[in-house]
Structures are given as C-alpha cells and as structure tokens.
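Q: Please take one spot in this chain and look at it closely. Then show me how the rest of the chain is put together.

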Amino acid sequence: MFAGIDAGLLWSIGGPAVAAGIFGGILAGLLGVGGGIVIVPALYVALSLTDMDPAQTMQVAVGTSLATIVFTSISSAWGHYQKGAIDFALLKLWGPSILVGVVIGAVLGGIVSGLVMIGVFATVALLVSLDMMIRGGGDIDSPRDFSRPVWAVLGVIAGAISAMMGIGGGTICVPLLNFLGYDIRRAVGTSAAIGFIIGLPGAVTYVITGWGHGGLPPLSLGYVNLLAAAIIIPLTVTFARLGVGLAHRIPRRALRLSFGLFLLATSVKMYVDLIGL
C-alpha cells in the first residue's frame, strides 16, 4: 500500500500517527471521546512539515480524524455496551438532531473563521472543566427531563461543533450529559456510540468537499488521507478497549477529575495557539 511513497513523507506522517493512534484510542475508551482531540493536532503538525498547501492542512487533519473516529467509536462503544453503559433511548432521541448538526457544522466550517470557533470552544471547555472538577456528585444517575425540542437544539449544537473540529463528540457530550444528571459512566458510554453518528457523515462530507483538489498528500481521498488513517485506525481500535477497561475500574470521582483535567489541558492549548497566531 505504501510502495512508491517518499520515505521522508512516510516517517513525518507515520510517526505522529502512531502516537496519536495509541493515545487517542485510550482516551476514546476512557473518556468517551473519539480521539480526535489528539489526532487532529498531531496530524496538523505532521502535515505542516510537508510541502502541502497550508490552507488545506487543517481540512485534511479534520477529515482524516473523522474517518478514524468511525472505527474507534465502534470499538469503544462495543466495549461500553458489554458493560451496559449505553443509553439507547437517548441515542434514538438525540441521534437525528446530532446528524443535522454534523451537516451544518461541515458547511459552516468553510464559512466561519476557524479562529472564532477555537476561541468559543476553548472558553466552553474551560468552564466545563472547572464544573467537572469542582462540582460534587456523579454517583447518582437521575437524568433531568427535557422536551424533545430542547434535546434537538443541544444535539444540533454538539454535532455542529464536533464536525467543525474533527472530534467525536465526547468532549461536548460527556460533560453535557453528566450535567443533565447522567451517571458519568453512562455519559461516557453513550458518547462513545455518538462518535459513530458524527464520524461517518462527517468523513463523507470531507471526502466530497475535498474531491479533485490539488496539492493534497499521496493516498488522499478528498480531505481524508488514507495513509494516516491506515496507521491510526488499528491502534485506536485496539487501545480503545484498554481505555474502556480503565473507565469501569477507576472511581466515578476520579473519572470526573480525569475528564476535567483533560478538558482544561485542551482549553489551555487552544488559548496558547490563538495567542501565537
């Protein structure tokens, strides 16, 4: 598959892809994220070292991340399903609106400034991380009752932000579901399944929007790079199961703190990037 590809390009993309696959897979299972929060920046840095058009670097990183999330979410969700941590009623209620949000997010991604979205997301991540680390609770599973329109709005927002940033939805959905009264483990398990709803249509959209564009890395299908995806997918699928095991062994409070610290680190990284631009 890799025959004829420059060895330097293979190393510059393959090295970060291996690290992103291992770390992203563990996070996917442990925290219910799709791994994109790790994969996107890793691929962005790797592709920045190549000769490709800088204007297309982020699109390829996001599109490829969404493609890997399709497979990572299946592995992670299956592990959580076996432990009874997926709320299928919520998936049925929330799925259609999240799908709509993914389509909207993919369209807005080409219109709204990425810097604006990063700033908004960094602020939201900071607030949510503080809530997850400071607020008590998490052992009681008593979801709040909201009308379908409210759930629909929340789903559209979560889907849109996730598609624009190439993440599986857990970064948004886990703290949101926990705040709405869901046990942290059910929130993580359900968010893992939501990653598939976000990843598949999101990846297809990036393939279509990038189709026929010049200056893309070898083995690219639109804005999805098959080389990076082929390296990342087996690793994330394998290590996601390790993350699932950890999620169901550590105390709920520790899981809340872990996710809070994870979001805090993500927020700080985004602010640093914004200041440097």
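A: Leucine 200 is partly exposed, because its relative accessibility is 38% (buried is under 20% relative accessible area, exposed over 50%, partly exposed in between, with a 1.4 Å probe and protein chains only). The model is predicted, so local features need pLDDT of at least 70 and side-chain atom pairs pLDDT 80 or more, while totals for chains, interfaces and linings use all residues. Residues are numbered from 1 along each chain as its sequence is written, and side-chain values use heavy atoms, without hydrogens or water.

Leucine 200 lies in helix α8 (helices are DSSP runs of H or I with at least four residues, strands are E runs of at least two, numbered from the N terminus). Helix α8 covers residues 184-209. Leucine 200 also belongs to a nonpolar surface patch.

Now compare another spot. Serine 97 sits in helix α4, residues 88-108. Serine 97 is buried, because its relative accessible area is 9%. Leaving out residues up to four places away in sequence, serine 97 touches Trp151, Ala152, Gly155 and Val156 (contact means heavy atoms within 4.5 Å).

Trp151 turns up again between two helices. In α6, Trp151, Leu154, Ala158, Ile161 and Ser162 meet residues of α7. On the α7 side are Ile172, Cys173, Leu176 and Leu177.

Tyrosine 271 is placed in helix α10, residues 252-276. At 29% relative accessibility, tyrosine 271 counts as partly exposed. Gly119, Ala122, Thr123 and Leu126 touch tyrosine 271, again not counting residues up to four places away. Tyrosine 271 and alanine 122 are 149 residues apart along the chain, yet 6.6 Å separates their C-alpha atoms.

Step back to the whole chain. The chain has 10 helices and two strands. From the N terminus, the order is α-α-α-α-α-α-α-α-β-β-α-α. Of its 277 residues, 52% are buried. Among contacts with a separation of 6 or more, 83% join residues 24 or more positions apart. The accessible surface comes to about 11,900 Å². Carbon and sulfur atoms hold 73% of that surface.

Technical notes: Patch = residues over 30% accessible without salt bridge, like charges linked within 9 Å, V, L, I, M, F, W, Y side chains within 5 Å. Areas by Shrake-Rupley, 256 points an atom, 1.4 Å probe, with all protein chains shown as cover. Salt bridge = Lys/Arg side-chain N within 4 Å of Asp/Glu carboxyl O.
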